[in-house]
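Morning, everyone. Let's get the next structure up on the screen and walk through it.

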Amino acid sequence: MDRPAVLALDDGTVFQGRAVGIDGQVVGEVCFNTAMSGYQEICTDPSYARQLVTLTYPHIGNVGANPLDDESDSVKLAGLVVRDVPPRMSNWRAREPLQAYLERNNVVAIAGIDTRRLTRHLREQGARNGCIMTGTSDARSAVEAARSFPGLQGMDLAAVVTTRKPYEWRLGSWSLACADSEPPACADEDLPWHVVAYDYGIKRNILRRLVDHGCRVTVVPAQTPVAEVLSLRPHGVVLSNGPGDPQPCGYALEAIRELLAARLPLFGICLGHQLLGLACGARTVKMKFGHHGANHPVMEVATGRVMISTQNHGFAVDEQTLPANVQASYRSLFDGSLQGIHLRDHPAFGFQGHPEASPGPHDLVPLFQNFVDLMASGSHGLATRRIERR
Ligand SMILES: NC(=O)CC[C@H](N)C(=O)O
């Protein structure tokens with residue numbers, strides 16, 4: 001039996017559908033993601049906290065869910081909006097159907113939505129606050145609830161989703177989630193670089209990529225004092241992706257300034273990139289509807305080369321506000337917005353998209369090698385190396 005559900009936007013637009021997760025009511029910012037695969041990774045990406053994510057690909061659930069594709073320990077988005085959940089899943093890795101996965105993870109989700117109409121609306125109007133309510137088609141209370149969400153601007157969510165305790169990520173750590181995965185192929189001693197990763201909402205694939213590039217990682221809570229980080233004597237520090245607005249994260253800006261003063265190699269990813277920009281004196285802005293997808297072309301400023309990237313952000317560093325010691329390294333070919341920075345006088349760089357992808361293309365994976373090269377050249381390195389042509 002179908003359970004009714006309603007999706008309402010704060011401008012009064014209403015979509016009727018059916019519940020495909022648990023019963024309940026959730027509010028958040030409504031955004032759309034255009035990736036054609038990777039719904040499980042999107043659901044568990046902590047950067048989606050307090051967002052109601054619409055997937056534009058019409059069939060969601062074809063390959064079910066499995067224990068390996070989670071990007072964090074649970075579903076992090078506030079609600080899911082889809083066109084259609086097919087009645088049958090088919091994939092050798094599948095352990096449970098999407099609907100069972102959503103229910104097990106306490107997710108409110110709505111199907112039967114004209115996601116094309118919704119996406120066009122968001123593209124024209126800009127991201128809106130919204131509400132999904134199940135067990136009802138009462139549009140009026142859903143609109144009212146949508147209006148109760150204050151919006152992401154000014155919200156520090158990194159402090160909410162970060163790990164409570166530090167932990168180590170090594171070879172084989174990712175298999176903790178899945179008992180029958182392959183044993184690690186080499187030992188920890190084969191990982192020459194020790195990296196501390198500030199967890200503002202880190203995705204597991206960043207950790208996997210770091211291990212692939214010879215790094216053992218200590219993941220620390222977002223508000224860890226720099227003195228504690230320095231006492232671990234890392235070769236470099238990663239500033240992770242994460243949800244919410246970078247501006248209120250004053251603790252992170254302070255820490256990044258101290259890390260720059262210590263001349264530790266830094267690699268900022270998405271929120272981490274925005275925080276690096278802010279710490280250097282640039283400003284961030286809220287975008288109209290942001291970038292969320294797996295096919296976004298970015299151009300490397302120095303060479304004019306184009307790479308296809310995964311994106312998930314609603315804020316951006318304003319290129320006009322970059323101080324003289326910070327150089328633009330990548331720009332979006334969709335709207336010209338800033339996609340990467342490197343510092344001329346410090347071994348530090350940031351990328352606005354997701355070089356770890358998951359889901360998405362691997363064009364930007366070499367940025368992890370750039371980070372390793374920066375660590376190899378020590379505090380004298382400058383973050384100007386470009387992705388080598390292969
Ligand atoms: N993926 C991320 O790190 C997102 C960064 C930030 N929360 C934004 O929306 O812009």
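Where is the place of cysteine 270? Cysteine 270 sits in the loop between strand E12 (266–269) and H9. Helices here are DSSP runs of H or I with at least four residues, strands are runs of E with at least two, and both are numbered from the N terminus.

Two notes on the basis. This is a predicted model: local features need pLDDT of at least 70, side-chain atom pairs count only at pLDDT 80 or more, and totals for chains, interfaces and linings use all residues. Residues are numbered from 1 along each chain, as its sequence is written.

Why does cysteine 270 count as buried? Because it has 30 C-beta neighbours inside 10 Å. The cut-offs: buried is 20 or more other C-beta atoms within 10 Å of a residue's own, exposed is 12 or fewer, partly exposed is in between, with C-beta atoms placed from the backbone.

Next, contacts, meaning C-beta atoms, placed from the backbone, within 7 Å. Setting aside neighbours within four places in sequence, cysteine 270 is in contact with Ser47, Asn241, Asn312, His313, Gln352 and His354.

Now the record. UniProt, in an unreviewed entry, puts the feature "active site" at Cys270, His354 and Glu356. Its positions are in the numbering used here, feature names are shortened, and annotations may be inferred rather than shown by experiment. These residues spread over 87 residues of sequence, yet they cluster in space: the largest C-alpha distance is 10.9 Å.

Take histidine 354. It lies in the loop between strand E17 (348–351) and helix H10 (366–376).

On to the ligand. Which residues surround the ligand? Ser47, Asn241, Gly242, Pro243, Gly244, Cys270, Leu271, Asn312, His313, Gly314 and Phe315. Near means a C-beta atom, placed from the backbone, within 6 Å of the molecule. Strand E14 (residues 306–317) gives the largest share of that shell, four residues. By class, the shell has four nonpolar, seven polar and no charged residues.

Last, helix H9 (residues 271–279). It is mostly covered: nine of its nine residues are buried. Among them are Leu271, His273 and Gln274. After H9 comes glycine 281, with a positive phi near 110°.

Conventions:
Ala, Val, Leu, Ile, Met, Phe, Trp, Tyr, Cys and Pro count as nonpolar, Asp, Glu, Lys and Arg as charged, and the others, Gly among them, as polar. Two residues are in contact if their C-beta atoms, placed from the backbone, lie within 7 Å.
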